[in-house]
Amino acid sequence: MRTENFLTVLGANVRMNYKNTLIPSILLLLVIPLLYGTADLDCIKSADCLERMVALVGIPMFTSLFYKEQSRDLYDMVALRPFSFRVVAALRIGISMAGTFALVMVFEIYMRSCGSIFPMGAYAVRTLAACMGPGFAGLLCASVAKSTAVGYLGAFCFCFVVQAGPGDSIFKPVTNGIHPLLVLFLCSAGAAGLLFCKPSYQ
């Protein structure tokens, strides 16, 4: 029974969120080849493409995860399920992480098919971390302000600061590797997002 309840909640949350996470992310990936050449790239240029462009996928994949809770009816529907709201919220984050990793892998396969050369496995994990940076920043802003619009603003500001920052920034993991401070930031931002993710009317 517990497994059936879990699968029910899992399926419901996927259906509730894919239009605002997965679809915009796929559209963004489709646009990237038009803005940034993806053919015959070496390791350095491939890392730059993944870090500058593909990492933006994290914004739609994470920032709007809790926007449904701005509706009382939808929140009450979730609250009646056999799991606490924060367990459901953590499940959504896990689903988005898995979906983001899958999208990154698909895009890397496309890049390799275009003649780019880079270590797919290592770059996929690093790109996931790069996606989670702005994504978790946006998720935290949205949770604290109880506004998805504020979350997107925070995520884009985070991206601007990272792109304008030094090349050895910890928030550029594809180029520099995953730094322990980045892991600490992601864990802290995710935990804080879960802490503040109650609806604004509660």
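**A chain of nine helices**

Helices α5 and α6 are oblique to each other, a class left over once angles under 35 degrees (roughly parallel), over 145 (roughly antiparallel) and 65 to 115 (roughly perpendicular) are set aside. The model is predicted, so local features need pLDDT of at least 70 and side-chain atom pairs count only at pLDDT 80 or more, while totals for chains, interfaces and linings use all residues. Residues are numbered from 1 along each chain as its sequence is written, and side-chain values use heavy atoms, with hydrogens and water left out.

The pair consists of α5, residues 85–113, and α6, residues 120–145, which pack at an angle of about 135° with their axes 9 Å apart. Axes here are lines fitted to C-alpha atoms, for helices over the stretch in contact, and angles run from 0 to 180 degrees between N-to-C directions. The crossing of α5 and α6 is right-handed, meaning that the near helix is turned clockwise from the far one by less than a right angle. On the α5 side the contact (heavy atoms within 4.5 Å) includes I93, M97, F101 and V104; on the α6 side, Y123, L128, C131 and F136 are among the residues involved. By class, this contact has 15 nonpolar, two polar and two charged residues. Nonpolar covers Ala, Val, Leu, Ile, Met, Phe, Trp, Tyr, Cys and Pro, charged covers Asp, Glu, Lys and Arg, and the others, Gly among them, are polar.

Seen as a whole, the chain has nine helices and zero strands, where helices are DSSP runs of H or I with at least four residues, strands are runs of E with at least two, and both are numbered from the N terminus. Of its 202 residues, 44% count as buried, that is, under 20% relative accessible area with a 1.4 Å probe, protein chains only. Among contacts between residues at least 6 apart in sequence, 78% join residues at least 24 apart.

V88 lies in helix α5 and is buried, with a relative accessible area of 1%. Its C-alpha atom is separated by 10.0 Å from that of L194, 106 residues away along the chain. T21, in helix α1 (residues 2–35), counts as buried at 6% relative accessibility. Leaving aside residues up to four places away in sequence, T21 touches P60, M61, S64 and L65.

Helix α2 spans residues 43–52, and its buried residues are S46, A47, C49, L50 and E51. At the start of α2, a side-chain oxygen of D42 comes within 3.3 Å of the backbone nitrogen of I44.

Notes:
Buried < 20%, exposed > 50% of the residue type's maximum accessible area, 1.4 Å probe, protein only. Polar contact = N/O pair within 3.5 Å; in protein donor to acceptor, adjacent residues only side chain to side chain.
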